[in-house]
Amino acid sequence: MDREMQPGAQRRLTPEERAIRVKNLKRKRRFRLAIVATAFILLLCLIVSPIIVFAVFRVKTFKVEGASPYTSEQIISASGIQQGKSLIFADLDEAAASIEKTLPYTDNVKLTKKLPSGIIIRLEETSAGFAVEMSGGMYALTNSELKVLELSGEVPEGTAVITGAVPVKAEAGSVISFSAEEEDKTLSLIKQITRSVAENGMEDINLIDVSEKNNIYLIYQGRIVMQLGDSSDLASKLSLGQRVISQENTIDPAQFGTVNLTVAKKAYFNPSDFNDVSELVKYRENYVAEADGEAENDNSDSDEDDEKS
C-alpha cells in the first residue's frame, strides 16, 4: 500500500511529466537563444549597413541622355553631385532643379539612380520663343513657360516681343516676375498666351501686346492683327484665329488687316490698308523702323567701303 503523502511534501513526477517538463525547458532555452541571436544580428546590421552604404553605394559614373547645347561635363557639374558621394542619399530633385537653374537652355531634367554606383541624367533643350520687353532697351528671352534663358539687347529672328508688362526681375534660369500687385494675373495671362501659341504651333508671331487687359492683341508677320479682347478662352481664340489666317493666306498671302476674335467662337477678318491699322503702324514705328535703320546704316557703310576700295 502506498504511503500517504505528508503535508507539504513534493509529489514525484511520472516519467511522462518529466519528459514534458524537459521539453518545455528546452523550448524556452531555444527561444531565449533566438532572441539573443536576433538582437546580435540587428546590432551587427546597424553597425555594418552604414559601412556598406557609404563604402559600396557611391557615385562613380554619370550618363547624360537627350539634346542640349551644353557639354556632359557642364551638366554633371551643374547637378552638384560629385563622384564619391553617397548614391543612396543623393537628392535627385534638387540636382535637377540646379541643372535647370544653372544651365537655362535645359528643360524637363530628370535624374535616376542606377545601382550600385551610377546616375542617369535625362533632359531636353528649350529655346527662346519670346522676348519680354524691359526698360533700357533690354529684352528677357524666355521659353513658353516664361523661364528666362538670357538677357539681350536684340530680339532674335523668329522671336515674339511681349510688351505692356514690364518685369521687376528677370534672372537667367528663373521664371520672370512682375510687380507684386500684378504678379499673379499678369504672369498667368502671359503664360496662357505663350502656352497657346506654342501648343498651336503658331509661327511668325511678331508681337504680343498686353498693355490693356481688355484689348489684348497679337501681330502676325507684321501685317495681320489678331484682336483677342479680354483673357477669356484665349486658347480657343488663338486656334480659331490661326485657322482664319491660314484661309486668308490662300487668298492673298500679302494682304493686311485684322482678325476680330473678341466674341467667343466667332471670327471676323477685315482686310485693310496698312496705314489704316493703328497697331501695325505702331509696331512698325517702334520695332521695325529701328531694324530698317540699322540695315540702312550697314548698307551705307558697305557702300563707303566699296568706294574706298
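This is a predicted model: local features need pLDDT of at least 70, side-chain atom pairs count only at pLDDT 80 or more; totals for chains, interfaces and linings use all residues.
**Entry: Asn143**

I then looked up where Asn143 sits, and found it in the loop between β5 (139–142) and β6 (148–152).

Next I checked its surroundings. A polar atom of the Asn143 side chain lies 3.1 Å from the backbone nitrogen of Glu145. Leaving aside residues up to four places away in sequence, I listed Thr126, Ser127, Gly129, Phe130 and Leu149 as residues that Asn143 touches.

**Entry: aromatic rings**

How many aromatic pairs does the structure hold? I found two. I noted one of them, Phe256 with Phe274, as edge-to-face, with 5.5 Å centre to centre and 70° between the planes. This pair links distant parts of the chain, as its members are 18 residues apart. Phe256 is in the loop between α5 (234–251) and β11 (257–260), and Phe274 in the loop between β12 (268–271) and α6 (278–308).

I looked up accessibility for both. Phe256 counts as partly exposed because its value is 28%, while Phe274, at 15%, counts as buried.

**Entry: the largest pocket**

My last stop was the largest pocket, which holds about 870 Å³ of space. I noted 31 lining residues, and the closest to the pocket's centre are Val155, Pro156, Gly158, Thr159 and Ala160.

Which element gives the most to this lining? I found that α6 does, with seven residues. β7 (160–163), α4 (183–199) and β8 (205–209) are also among the elements that each supply at least two. By type, I wrote down 14 nonpolar, 11 polar and six charged residues in the lining.

Methods
Residues are numbered from 1 along each chain as its sequence is written. Side-chain values use heavy atoms; hydrogens and water are left out. Helices (H or I, at least four residues) and strands (E, at least two) are DSSP runs, numbered from the N terminus. A polar contact is a pair of N or O atoms within 3.5 Å; within protein, one must be able to donate a hydrogen and the other to accept it, and residues adjacent in sequence count only if both atoms are side-chain atoms. Contact means heavy atoms within 4.5 Å. Rings of Phe, Tyr and Trp (its six-membered ring) pair if their centres lie within 6.5 Å; planes under 30 degrees apart count as stacked, over 60 as edge-to-face and the rest as tilted. Buried means under 20% relative accessible area, exposed over 50%, partly exposed in between (1.4 Å probe, protein chains only). On a 1 Å grid over the protein atoms alone, a cavity is a set of points where a 1.4 Å probe fits but cannot get out, and a pocket is an open set with protein on both sides within 12 Å along at least five of seven lines; lining residues have an atom within 4 Å of a point. Grid points are joined across faces, edges and corners, and a volume is the space filled by probe spheres set on the points. Ala, Val, Leu, Ile, Met, Phe, Trp, Tyr, Cys and Pro count as nonpolar, Asp, Glu, Lys and Arg as charged, and the others, Gly among them, as polar.
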